[in-house]
Amino acid sequence: MTRGWLPCGDYHQEYAKDHGWWQTNVIKGKMILLLLIVSVGFPLSLGEYWLGVANMIGYTALGALGVQLLIGYAGLITLGHAAFIAVGAYTSTLLILRFPWPQFIISWGLGYPISIIIAAIVAGLWSVLFGLPSARVKGFYLILTTMAAQFITVDFILTQYISRIGGRGQAFSLPPGTIKIGPWLIDSDLKVYFLMITLLTLTVMFMCNLLRTRVGRAWVAIRDNDIAAETLGINIVWYKLLNFFVAGFIGGIAGAFWVANLAALSPEHFPWSWSLWLVGVILIGGAGIDGAIFGSIFMVMVMEILQIIAIPLSEYWPIVFVNFAYIKDMAFGLAICAFLIYEPRGLSYRWWQVKNYFNLWPFSY
Amino acid sequence: MNKAGEMEEGDVILKLEDIHMAFGKVQALNGVDLEVKKGEIHSIIGPNGAGKTVMMNCINGLYRPQKGNIYFKGENINRVSPHKRAELGIGRTFQKLELYGGMTVLDNIRMGSHIHLKSGILSGSIYVGKTKKEEIEEREFIEEEIIDLLEIEGIRDQVAHMLPYGLQKRVELGRALALRPEVILLDEPMAGLNLEEVEDMARFILDINEEERWKVTCVLVEHDMGVVMDISHRVLVLDFGNTITDGLPQEVGNNPQVVKAYLGEEDLYITRR
């Protein structure tokens, strides 16, 4: 994995330090500051609307992290990740609405947290099911099998059967008061924001750790050279399935979070284009975990800015507002084209360059 | 074998019996036998297309021979998959570099010790206690035993595909060593290197073969006759899938059949430099 160089004059004396996330105290300070800003600064300074936008960024980032794990780290190209997010969302919802929880779990507010974990596991297993073809096929052919996951899961099973449960048509809605974590009722954007920050931070932490140990290296090895990986004793099929499981697991977390964010659920929230969108996010964001997060911030913010521009324009050309969905898609396509042409390595590479410039300054040669 | 069931020097560690391997109508290997004794450097030579690399791939499990048996430490490994063979102790380097281009040198070498680490997704994602300890112990091992041996301290944090060819070959050897193999299959480790790099590589091969710490049995495929004749204990000569001879380097060098097959009518010792 590429990493930034240390600033001039810094060096390590222990291996443990070299393995650390934060290589110097300055970096450690910066990261803690960042954590403080997102967990204290933003909630204090941003209004409800922008917190909602931040939640959307978090949701996109959780989804994109799963895609990054599949495409970026293991080279398993997927175009069906929305299916696993949907599985997570539906599992969580059904558990909350239909599962006969013992009274003490409901009164302690453990129902939703438990459902997040179960949703993640179910989504992970569902993902493994559709990852099985990866034992035999690679590249473009794998895209087709993951697309099959999308259509079978969302358009067939969820639309035709699961969403009919309860007999109230297509959509589920979660009555107020059902989504509760411990003593806190998740009923405002602010609380959803805190949930998002917690989930995202934990996911990023787990992923970072996983990627610097044996499992993560095995995934990268499979991506870079599967024959050599096999001769070094890596069971390729097992690690591919493990990758599908973890990606699906993260997708399941994203889905369960979506339930809390919207308190309603319909198969229309997980169209195939959402899978495609997530792939676009990591294309724009670039390599690594930070790539997925930069990409999410970029894409969601671009859409928000477009909306801000479109609202005054629609006074003169109402058609802009009517067709906003198409404008969004167009902007998405344009952004991907622009990135592929001008910065194929994505935002994270630009960020890396900026960081290194300052790390090596004034001896940049 | 001694009482504990461990191999001793001179025992046959790797044995190929009557290996037949055909790709369509091309008979790549036609009843080849090979016996590698523990502690040896056993070279396989032959003109291009003789079936040397195919043989490596058969030992390694990437190809399944149509006929014949492969024994490793006395056990038949015909049906064992490549990654299981690596766990048994068969390491491998490649003729065309098969490094993980996007990873750093250190990560490439760490990759090799995959089978010696234990963390799974749960313990790996938390990274405390055992996982952290084993990662750091592994790092110490790699730094002190492999990076130091191969003299690649300066490039450990560089991305593998950016390195010059000679260093990449060295990193690949390091990666195979991190597996801590008992038998290492070296597929043309000197191809494309300059004289100095060839000398270094020969030194490394002798080091890992002779040093008490490693004592790795080497199966070496190489075109550089000077190196082969100097460092190997035994030499097997192949020609279009057939064994010509298998013997000591001096015998092989004087065998008129070998000279004919390998170099036409010229002197065997006239090599490309």
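1. Burial in chain B. In this predicted model, 45% of the 273 residues of chain B are buried. The chain is built from ten helices and ten strands. Its radius of gyration is 19 Å, close to the 19 Å given by the globule rule for 273 residues, so chain B is as compact as a globular protein of that length. The C-alpha trace of chain B spans about 65 × 40 × 40 Å along its principal axes. Of the contacts in chain B with a separation of 6 or more, 67% are between residues 24 or more positions apart.

2. Strand 3 of chain B. This strand, residues 41–45, is mostly covered, with five of its five residues buried. In a regular strand the side chains alternate between the two faces of the sheet. Here both faces are covered: B:Ile41, B:Ser43 and B:Ile45 are buried on one side, and B:His42 and B:Ile44 are buried on the other.

3. Partners of strand 3 of chain B. Strand 3 runs parallel to strand 8 (residues 217–221) of chain B, and four bridges join the two. A parallel pairing over four bridges also links strand 3 of chain B with strand 9 (residues 234–239) of that chain. B:Ser43 takes part in each pairing: it stands opposite B:Leu220 in strand 8 of chain B, and its bridge partner in strand 9 of chain B is B:Val235.

4. The antiparallel sheet of chain B. An open sheet of four strands in chain B has the order 2-1-4-5, with antiparallel pairing. Strand 2 (26–37) and strand 5 (75–76) of chain B stand at the edges with a single partner strand each, so one side of each lacks a neighbour in the sheet. Within the sheet, strand 1 (residues 12–23) and strand 4 (residues 67–72) of chain B run antiparallel and are joined by five bridges. In this pairing, B:Leu14 stands opposite B:Phe72 of strand 4 of chain B.

5. Helix 1 of chain B. Residues 52–60 form a helix that is mostly covered, nine of its nine residues being buried. Just after helix 1 of chain B, B:Gly61 takes a positive phi of about 95°.

6. Overall form of chain A. Chain A has 16 helices and four strands. A compact globule of 365 residues would have a radius of gyration near 21 Å, and the 21 Å of chain A agrees with this. Taken along the principal axes, the C-alpha atoms of chain A fill a box of roughly 65 × 55 × 45 Å. Of its 365 residues, 41% count as buried. Residues 24 or more positions apart account for 78% of the contacts in chain A with a separation of 6 or more.

7. Helix 4 of chain A. This helix, residues 81–98, has 18 residues and reaches 26 Å from its first C-alpha to its last, close to the 26 Å expected at 1.5 Å a residue. Because 15 of these 18 residues are buried, helix 4 of chain A is largely enclosed by the rest of the structure.

8. Helix 16 of chain A. The 15 residues of this helix (residues 346–360) should span 21 Å at 1.5 Å a residue, and the end C-alpha atoms are 22 Å apart, which agrees. A:Gly346, A:Ser348 and A:Trp352 are buried in helix 16 of chain A. Seen down the helix axis, the buried residues of helix 16 of chain A fall within an arc of 85°, so they line one face of the helix. On the other side of helix 16 of chain A, A:Gln353, A:Val354, A:Tyr357 and A:Phe358 are exposed. The cover over the buried residues includes helix 12 (272–285), helix 13 (288–313) and helix 15 (324–342) of chain A.

9. Contact between the chains. In the model, 27 residues of chain A are in contact with 34 residues of chain B. On the side of chain A that touches chain B, at least two residues each come from helix 1 (15–19), helix 8 (189–211), helix 9 (214–224), helix 10 (226–231) and helix 11 (236–262) of chain A. Helix 9 of chain A gives the most to this side, with seven residues. By class, the side of chain A that touches chain B has 15 nonpolar, eight polar and four charged residues.

How values were computed:
Residues are numbered from 1 along each chain as its sequence is written. Chains are lettered from A and ligands numbered from 1 in the order in which they are written. This is a predicted model: local features need pLDDT of at least 70, side-chain atom pairs count only at pLDDT 80 or more; totals for chains, interfaces and linings use all residues. A residue is buried if 20 or more other C-beta atoms lie within 10 Å of its own, exposed if 12 or fewer, and partly exposed in between; C-beta atoms are placed from the backbone. Two strands pair if DSSP finds at least two bridges between them. The radius of gyration is taken over C-alpha atoms; the globule rule is 2.2 Å times the number of residues to the power 0.38. Two residues are in contact if their C-beta atoms, placed from the backbone, lie within 7 Å. Ala, Val, Leu, Ile, Met, Phe, Trp, Tyr, Cys and Pro count as nonpolar, Asp, Glu, Lys and Arg as charged, and the others, Gly among them, as polar. The expected span of a helix is 1.5 Å times one less than its number of residues. The arc is that of the directions from the helix axis to the C-beta atoms.
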